[in-house]
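Please look at the sequence and the structure first, and then follow the text with both at hand.

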Amino acid sequence: MLLSDRMRAVAGLVQPCESIADIGCDHGYIAIELVRSSVCRHVIAMDINSGPLDRAKHNIVDFCLQDYIETRLSDGVGALKEGEAEGIICAGMGGGLVISILEQGKKLIGGMKQVILQPQSELLEVRSYLREKGYRIDREDIIYEDGKYYPMMRALPGAFGKLEWQISDSLEQKCKKSGVYINGIPASRQPFHISEISRKEARRLTRVQDTYGPCLLAMAHPVLKRYLLWQKENFENIRNNLLSQGALTDRQQQRVEELDEKLGDIVFCLYCYYKYK
């Protein structure tokens, strides 16, 4: 079976366990890979549509894994019972749907050991939701495939208070070496304890973690750097196009200010990579 880089990376985030549920399983390839590689003994492959589920059943039988992978027609985790799975996978769907699944199944999911997420959109909203609901993102990856970037994460439920500032120390230390200024003072000349950072910079730390990923930033992931530079170029082009129009409307001026904030965040994140020069 030939897995895409994206699916292989999603499977790579799963901690070994007895059983996991793949929500929105599509063709069932991730479930098959997890059992074949002995990461999971049992997988419950679930989908809201019968068409993908039938294709998954066919593939599971082709690999003679019907004793290890079962399929269920399900809206989110609706067909999953308490204690049947130690975690869930939600990959290849929009961020809004991911949040909806987590919220609707919060009682069930709250007792699990791991949640593997690969949202196709609204990454900031997904990470913000996880932070506010007490999840801790403990591992992330990002893949570039077929002209698109695919960030993904593993989160641990019930870790209240452990996510906030989880990369602040390492990010701040990298900023110290980079020469970034906070409140007009070089970072290298500041004690740089989180309680001493201005509220503005504290908000920025939270915002960049939610936008670009706490673990990706902490490890200075090389694919994230490509993504940051790509985003920077896009935002700069949009900003320049707006400014070239002459006098700006209030809405256009607001858009320029929003772009300036986004560009400032990207430059701030790129300081993570100075350490590795």
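A charge is said to sit over a ring if NZ of Lys or CZ of Arg is within 6 Å of the ring centre and within 35 degrees of the ring normal. By that rule, arginine 226 lies over the face of tyrosine 144, at 4.6 Å from the ring centre, and the charged end of arginine 6 sits over the ring of tyrosine 150, 5.8 Å from its centre.

The model is a predicted one, in which local features need pLDDT of at least 70 and side-chain atom pairs count only at pLDDT 80 or more, while totals for chains, interfaces and linings use all residues. Residues are numbered from 1 along each chain as its sequence is written, and side-chain values use heavy atoms, with hydrogens and water left out.

**Aromatic rings**

Rings of Phe, Tyr and Trp (its six-membered ring) pair if their centres lie within 6.5 Å, and planes under 30 degrees apart count as stacked, over 60 as edge-to-face and the rest as tilted. The structure holds five aromatic pairs. Among them is the tilted pair of tyrosine 144 and tyrosine 149, with 4.6 Å centre to centre and 50 degrees between the planes. The rings of tyrosine 212 and tyrosine 227 have their centres 6.3 Å apart and their planes at 65 degrees, so this pair is edge-to-face. That pair links distant parts of the chain, since tyrosine 212 belongs to helix H8 (residues 199-212) and tyrosine 227 to helix H10 (residues 222-243), 15 residues apart. Helices (H or I, at least four residues) and strands (E, at least two) are DSSP runs, numbered from the N terminus. Ring pairs link Tyr144, Tyr149, Tyr212, Tyr227 and Trp230 into a cluster.

How much of several residues is accessible is set out below, where buried means under 20% relative accessible area, exposed over 50%, and partly exposed in between (1.4 Å probe, protein chains only).

| Residue | Relative accessible area | Class |
|---|---|---|
| Tyrosine 144 | 35% | partly exposed |
| Tyrosine 149 | 18% | buried |
| Tyrosine 212 | 6% | buried |
| Glutamate 236 | 30% | partly exposed |
| Serine 38 | 61% | exposed |
| Glutamate 122 | 41% | partly exposed |

Glutamate 236 is found in helix H10, and its C-alpha atom is separated by 9.9 Å from that of valine 256, 20 residues apart along the chain.

Contact here means heavy atoms within 4.5 Å. Helix H6 (residues 123-132) meets H8 through Leu123, Leu124, Arg127, Ser128 and Arg131, which touch Thr206, Gln209, Asp210, Thr211 and Tyr212 of H8.

Helix H2 (residues 29-36) is mostly covered, with six of its eight residues buried, namely Ile30, Ala31, Ile32, Glu33, Leu34 and Val35. These buried residues pack against helix H1 (5-12), strand E1 (17-23), strand E2 (40-47), helix H3 (50-62), strand E3 (69-73) and strand E4 (87-93).

Most residues other than glycine have a negative phi, and most peptide bonds are trans. Serine 38, found in the loop between H2 and E2, has a positive phi of about 60 degrees although it is not a glycine. Glutamate 122, placed in the loop between strand E5 (114-119) and H6, likewise has a positive phi, of about 55 degrees, without being a glycine.
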